[in-house]
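Subject: Structure handover

Hi,

Here is the structure I promised to pass on to you. Please have a look at it first, and then read my notes below.

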Amino acid sequence: MLSGCAGRVCHVLVLVLCLSAAEDFDWTKNDRGSFYYGTFPTGFSWGAGSSAYQTEGAWDKDGKGLSIWDVFSHKKGKVFLNDTGDYACEGYYKLKDDISLLKELNLNHYRFSVSWPRVIPTGIRSDHVNEKGIKYYDTLIDQLLENKITPIVTLYHWDLPQVLQEKYGGWQNISMVNYFNDFASLCFERFGNRVKHWITFNNPWSVAVEGYETGEHAPGLKLRGTGAYRAAHHIIKAHAKVWHTYDNQWRNKQNGMVGISLSGDWGEPVDITNLKDIEAAERYVQFYLGWFATPIFHGDYPQVMKDFVGRKSAQQGLGTSRLPTFSSQEKSYIKGTCDFLGVGHFTTRYITQKTYPPGRGSTYFADRDLVELVDPRWPDPGSEWLYSVPWGFRRLLNFVKTQYGNPVIYITENGVSEKMKCTELCDDWRIQYYKDYINEMLKAIRDGVNVKGYTAWSLLDKFEWDEGFSERFGLYYVDFKNKNKPRYPKASVQFYKRIINFNGFPNQREVENWKRKATETCSSSNQLLAAGYYH
């Protein structure tokens with residue numbers, strides 16, 4: 001009896017030591033607080049974002065190769081209303097127009113992605129480099145810099161060259177690591193003298209889960225319980241390799257930074273006094289953001305992922321875990337491969353514990369043993385998954401600070417959509433969303449979180465993956481029915497511009513005034529647009 005007790009005491013001590021080694025996140029304290037009037041630190045960078053497949057169009061022009069999204073969207077039934085990104089916003093041809101929008105907003109930076117198949121049509125550098133594709137990005141970068149706008153460049157925003165999917169199985173195959181590194185090296189070589197902020201991957205969670213587990217996104221594979229973990233494993237290795245390539249070959253010459261953009265919804269325990277709920281909420285965040293951030297900052301997967309996936313795999317009679325392992329050499333190679341962390345954040349869920357029996361087939365979702373809930377009072381203006389829960393943003397940022405040693409953070413995506421059948425430029429819900437979320441980010445900075453910049457998602461309405469054009473995230477409305485894809489400012493343009501110009505929020509009266517003025521401007525534009533547009 002005594003020895004059992006002693007063992008338990010020892011176990012508790014080890015646990016306490018582990019926890020106190022890092023500053024710990026306090027799950028039991030959720031101080032919502034009132035709106036905070038104040039300014040951001042001097043030099044804070046304001047921007048907006050886009051991605052190649054969602055905006056460029058020109059899917060088969062000037063030597064561009066096929067991407068997995070070209071092929072996926074051309075299959076009937078994969079995308080809402082069978083929409084495709086063939087033309088999207090015609091951004092490939094409207095470069096000057098879009099730069100004038102960035103100037104109108106007075107932005108410090110613009111985040112865009114390079115289409116891998118536009119510059120390397122087959123994905124394999126030794127096959128062929130498409131100089132026309134290189135020239136397009138050269139021109140974009142030069143024009144941004146001429147207008148004093150800093151380019152923040154994403155290397156992989158989901159548009160894998162189709163050849164690599166067909167030949168090798170895409171991210172299921174370890175050979176992607178070297179092909180991606182060759183592509184990144186080409187970008188560093190051609191653009192790195194002018195680009196100082198690189199993002200390797202955008203939201204690899206979606207690439208892995210929706211591309212290889214649920215099949216909702218390209219390439220549309222449903223390798224349940226294994227596909228997402230394998231894809232993520234190769235993506236993490238590819239990220240690390242590219243960081244080391246930059247570090248060894250380019251950093252001294254170019255003095256840039258290489259990071260990754262991870263998406264994370266916040267998970268709040270249903271009951272913050274209930275340990276089971278707290279554990280479930282932490283699991284939710286670890287299986288989401290932590291899946292990628294923990295290896296990059298600490299060298300290995302979150303312990304909770306290793307425990308849960310390992311245990312479930314054993315219960316299913318598998319000899320090894322469905323979650324792959326890193327060798328000790330790989331762990332030290334991957335650890336610390338981040339000059340800044342990009343955070344994409346949109347929404348929050350309440351989380352409670354629920355055990356899924358192992359017999360019902362394995363999936364990433366069942367591995368987590370939890371249920372996601374929403375509060376019916378949360379505003380939900382657009383995408384069915386996107387509820388406005390501003391306080392979750394501050395919680396997530398503080399979690400990142402405590403878990404990963406307060407890294408330099410750039411917010412790489414934050415914004416809200418609408419599902420409108422008619423033209424609506426008076427987007428008061430988007431104004432409210434930006435106002436509240438940006439304010440929670442300001443509170444997080446006051447908490448000591450090291451946020452250096454913010455990217456509104458997105459500059460334009462664009463192709464929203466499996467939702468096609470049915471959801472609009474843009475600050476600017478795009479008329480997709482018109483061949484020229486004209487852009488019109490929504491009210492949120494005026495509001496965001498005022499936040500940027502003031503570098504924050506002066507006082508209640510002034511901010512209310514911003515809102516009123518923004519909505520007045522849009523009412524008249526709305527009438528003009530409606531007159532010539534909807535019959």
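A quick definition before the overall picture: the radius of gyration is taken over C-alpha atoms, and the globule rule is 2.2 Å times the number of residues to the power 0.38. With 535 residues, a compact globule would therefore have a radius of gyration near 24 Å, and the 23 Å of the protein chain agrees with that. Please keep in mind that this is a predicted model. Along its principal axes, the C-alpha trace of the protein chain spans about 85 × 60 × 50 Å. The secondary structure of the chain comes to 18 helices and 15 strands.

Let me begin with the barrel. Eight strands form a closed barrel in the order S2-S3-S4-S5-S6-S8-S11-S12, and their pairing is parallel. From one strand to the next, the twist averages 25°. As an example of the pairing, strand S2 (residues 45-49) and strand S3 (residues 109-113) run parallel and are joined by three bridges.

Next comes a second sheet. It is open, has three strands in the order S7-S9-S10, and its pairing is mixed. Which strands stand at the edges? They are S7 (266-269) and S10 (370-373); each has a single partner strand, so one side of each is left without a neighbour in the sheet. Neighbouring strands here are turned by 40° against each other on average, direction ignored.

S7 and strand S9 (residues 348-353) run parallel, joined by four bridges. Along this pair, Trp-266 stands opposite Thr-348 in S9, and Glu-268 stands opposite Tyr-350 in S9. S9 and S10, in contrast, pair in the antiparallel sense over four bridges. There, Thr-352 stands opposite Val-371 in S10.

Helix H11 (residues 275-298) lies across S7, S9 and S10, and runs at about 130° to S9. Helix H15 (residues 391-403) lies across S7 and S9, and runs at about 100° to S7.

Finally, a helix pair that I think you will enjoy. Helix H8 (residues 176-191) packs with helix H10 (residues 227-254) at an angle of about 30°, and their axes are 9 Å apart. Angles under 35 degrees count as roughly parallel, so H8 and H10 are roughly parallel to each other. The crossing of H8 past H10 is right-handed. On the H8 side, the contact includes Val-177, Phe-180, Ala-184 and Phe-188. Among the residues they meet on the H10 side are Ala-238, Val-242, Tyr-246 and Trp-250. Other members of the contact include Asn-181 and Glu-189 in H8, along with Lys-237 and Lys-241 in H10. By class, the H8 contact with H10 has eight nonpolar, six polar and three charged residues.

Best wishes

Methods: Residues are numbered from 1 along each chain as its sequence is written. This is a predicted model: local features need pLDDT of at least 70, side-chain atom pairs count only at pLDDT 80 or more; totals for chains, interfaces and linings use all residues. Side-chain values use heavy atoms; hydrogens and water are left out. Two strands pair if DSSP finds at least two bridges between them. Helices (H or I, at least four residues) and strands (E, at least two) are DSSP runs, numbered from the N terminus. Axes are lines fitted to C-alpha atoms, for helices over the stretch in contact, and angles run from 0 to 180 degrees between N-to-C directions. Contact means heavy atoms within 4.5 Å. Angles under 35 degrees count as roughly parallel, over 145 as roughly antiparallel, 65 to 115 as roughly perpendicular and the rest as oblique. A crossing is left-handed if the near helix is turned anticlockwise from the far one by less than a right angle, and right-handed if clockwise. Ala, Val, Leu, Ile, Met, Phe, Trp, Tyr, Cys and Pro count as nonpolar, Asp, Glu, Lys and Arg as charged, and the others, Gly among them, as polar.
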